[in-house]
Amino acid sequence: MLAIYPEHQEAVYREQVQLLGDNPNVAPTWEQISKMNYLDRVLKEVMRLNPTPGVLRVLSEDLDLGDYKLPKGCTLYLLVYSLHRDPDFWSHPNEFYPDHFLPEESSSRPKSAYIPFLQGLRSCPGKLYGVITMKILISTAIRMFRFETDMKFEQIKYKYSFLIEMVEGYHVRISRRKIAN
């Protein structure tokens, strides 16, 4: 997404340089990681648009949904992909729009409208580790490289398996940034 949207790539880069300088060998501290607000919004938006397609759950008790009543033992298939693109919850449901995760936008949305790691007892135990790892890797890579592509977001076609993948693959050109000494 950063290659497709150079303006977001530049904003992430500026944030990282402001926090850490442009030397990619400087590892971020916990405090610096917690201040990566723009990168956090970008990561959340990528995970919103490219989640696990869906999740199966077996009901351990009857579930009353108002017009529908589902019995204990029933298997549900929760379409995370559809939930994350529901126009009732997202102002730009089918666009790459990191501002979905500004505090004022997030506060107007139910917590369960965004579940890249699921929620509750069966949520991903590695969520924190995953997010921190992504931030460190992207922080390092963005300070070292520039990413470019001719791909357009609107033209991306997906194939669905355990994860959502791009049919055409990831056609990205990577060039080294000049690091000031």
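**Exercise 1. Work out what share of the chain's residues is buried, and how the chain is built up along its sequence.**

Solution. Buried residues, meaning those under 20% relative accessible area with a 1.4 Å probe and protein chains only, make up 36% of the 181 residues in the chain. This is a predicted model, in which local features need pLDDT of at least 70 and side-chain atom pairs count only at pLDDT 80 or more, while totals for chains, interfaces and linings use all residues. Residues are numbered from 1 along each chain as its sequence is written, and side-chain values use heavy atoms, with hydrogens and water left out.

Next, take the secondary structure, where helices (H or I, at least four residues) and strands (E, at least two) are DSSP runs numbered from the N terminus. The chain has six helices and eight strands, and their order along the sequence is α-α-α-β-β-β-β-α-α-α-β-β-β-β.

Then turn to the overall dimensions: the C-alpha trace spans about 65 × 35 × 30 Å along its principal axes. Of the contacts (heavy atoms within 4.5 Å) with a separation of 6 or more, 64% are between residues 24 or more positions apart.

**Exercise 2. Describe how helix α1 packs with α3, and name the residues that make the contact.**

Solution. Begin with the geometry, for which axes are lines fitted to C-alpha atoms, for helices over the stretch in contact, and angles run from 0 to 180 degrees between N-to-C directions. Helix α1 (residues 6–20) packs with α3 at an angle of about 140°, and their axes are 8 Å apart. From α1 the contact takes His8, Ala11, Val12, Glu15 and Gln16, and from α3 it takes Asn37, Tyr38, Leu39 and Val42.

To sort these residues by class, count Ala, Val, Leu, Ile, Met, Phe, Trp, Tyr, Cys and Pro as nonpolar, Asp, Glu, Lys and Arg as charged, and the others, Gly among them, as polar. The contact of α1 with α3 then has five nonpolar, three polar and one charged residues.

**Exercise 3. Characterise the largest pocket by its volume and its lining.**

Solution. On a 1 Å grid over the protein atoms alone, a pocket is an open set of points where a 1.4 Å probe fits, with protein on both sides within 12 Å along at least five of seven lines, and lining residues have an atom within 4 Å of a point. Grid points are joined across faces, edges and corners, and a volume is the space filled by probe spheres set on the points.

The largest pocket has a volume of about 910 Å³. Of the 30 residues that line this pocket, Met1, Leu43, Val46, Ile138 and Tyr170 are the closest to its centre. Two or more lining residues come from each of α3 (37–49), α6 and β7 (164–166), and α6 gives the most, with seven residues. By class, the lining has 24 nonpolar, five polar and one charged residues.

**Exercise 4. Locate Cys124 and leucine 118, and say how exposed each of them is.**

Solution. An unreviewed UniProt entry lists Cys124 for "binding site"; UniProt positions are given in the numbering used here, feature names are shortened, and annotations may be inferred rather than shown by experiment. Cysteine 124 is found in the loop between α5 (103–106) and α6 (127–144). Its relative accessible area is 35%, so cysteine 124 is partly exposed, a term that covers values between the buried limit and the exposed limit of over 50%.

Leucine 118 lies in the loop between α5 and α6, and at 23% relative accessibility leucine 118 counts as partly exposed. Finally, check the backbone: most residues other than glycine have a negative phi, whereas leucine 118, although not a glycine, has a positive phi of about 65°.
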